[in-house]
Amino acid sequence: MKEQMQKKLLSSAEMAMKNSYSPYSGFAVGSAVLCEDGKVFCGTNVENASYGLTICAERVAIFNAVSSGCRRIDAIAVVAKGVAFPCGACLQVIAEFTDENADIIVKNISSGKIIIKKLKELLPEAFKLKDKNEE
């Protein structure tokens with residue numbers, strides 16, 4: 001991924017983080033996804049008093065993209081004041097809309113440290129339904 005696009009994704013994710021609704025954990029997270037057509041969609045975590053109803057920033061960004069017609073994601077950025085790799089549920093949703101070589105860019109905005117991993121490194125055996133012809 002080009003450095004310019006990486007910076008744009010991270011900047012978009014940081015802007016989204018400002019809208020976080022995280023009164024319970026106090027841990028704001030922002031995310032941005034790059035669709036194959038070059039469009040960028042953002043999301044932030046939204047907590048709920050019934051903790052199980054909380055949704056992560058990554059899934060919000062992906063659902064925003066899908067709601068706008070995007071069906072293929074080339075990369076995703078996640079930012080927080082600390083290291084915030086996508087959780088298992090988010091990784092599975094990411095796997096639904098990209099391939100195993102997609103970049104997952106994580107930035108700790110407190111330290112400025114950026115870590116880039118491929119989806120296959122974080123989710124080596126993503127769940128996939130078998131094609132009817134594979135049985």
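**Close-up views of a predicted model**

**View 1. Surroundings of S20.** S20 touches A28, V29, T44 and N45, leaving aside residues up to four places away in sequence (contact: heavy atoms within 4.5 Å). This is a predicted model, in which local features need pLDDT of at least 70, side-chain atom pairs count only at pLDDT 80 or more, and totals for chains, interfaces and linings use all residues. Residues are numbered from 1 along each chain as its sequence is written, and side-chain values use heavy atoms, without hydrogens and water. S20 lies in the loop between α1 (3–17) and β1 (29–35) (DSSP runs numbered from the N terminus: helices are H or I, at least four residues; strands are E, at least two). S20 counts as buried because its relative accessibility is 18% (buried: under 20% relative accessible area, 1.4 Å probe, protein chains only).

**View 2. Buried residues of α2.** In helix α2 (residues 57–67), the buried residues are A57, E58, R59, V60, A61, I62 and A65. Their cover includes β1, β2 (40–44), β3 (73–80) and α3 (88–96). Just after α2, G69 has a positive phi of about 105 degrees.

**View 3. α2 against α3.** The two axes, α2 and α3, come within 9 Å and cross at roughly 25 degrees (lines fitted to C-alpha atoms over the stretch in contact; angles run from 0 to 180 degrees between N-to-C directions). Therefore α2 is roughly parallel to α3 (angles under 35 degrees). E58, R59, I62 and F63 in α2 meet A89, C90, V93 and I94 in α3. The residues of this contact divide into six nonpolar, no polar and two charged (nonpolar: Ala, Val, Leu, Ile, Met, Phe, Trp, Tyr, Cys and Pro; charged: Asp, Glu, Lys and Arg; polar: the others, Gly among them).

Conventions:
Buried means under 20% relative accessible area, exposed over 50%, partly exposed in between (1.4 Å probe, protein chains only). Angles under 35 degrees count as roughly parallel, over 145 as roughly antiparallel, 65 to 115 as roughly perpendicular and the rest as oblique.
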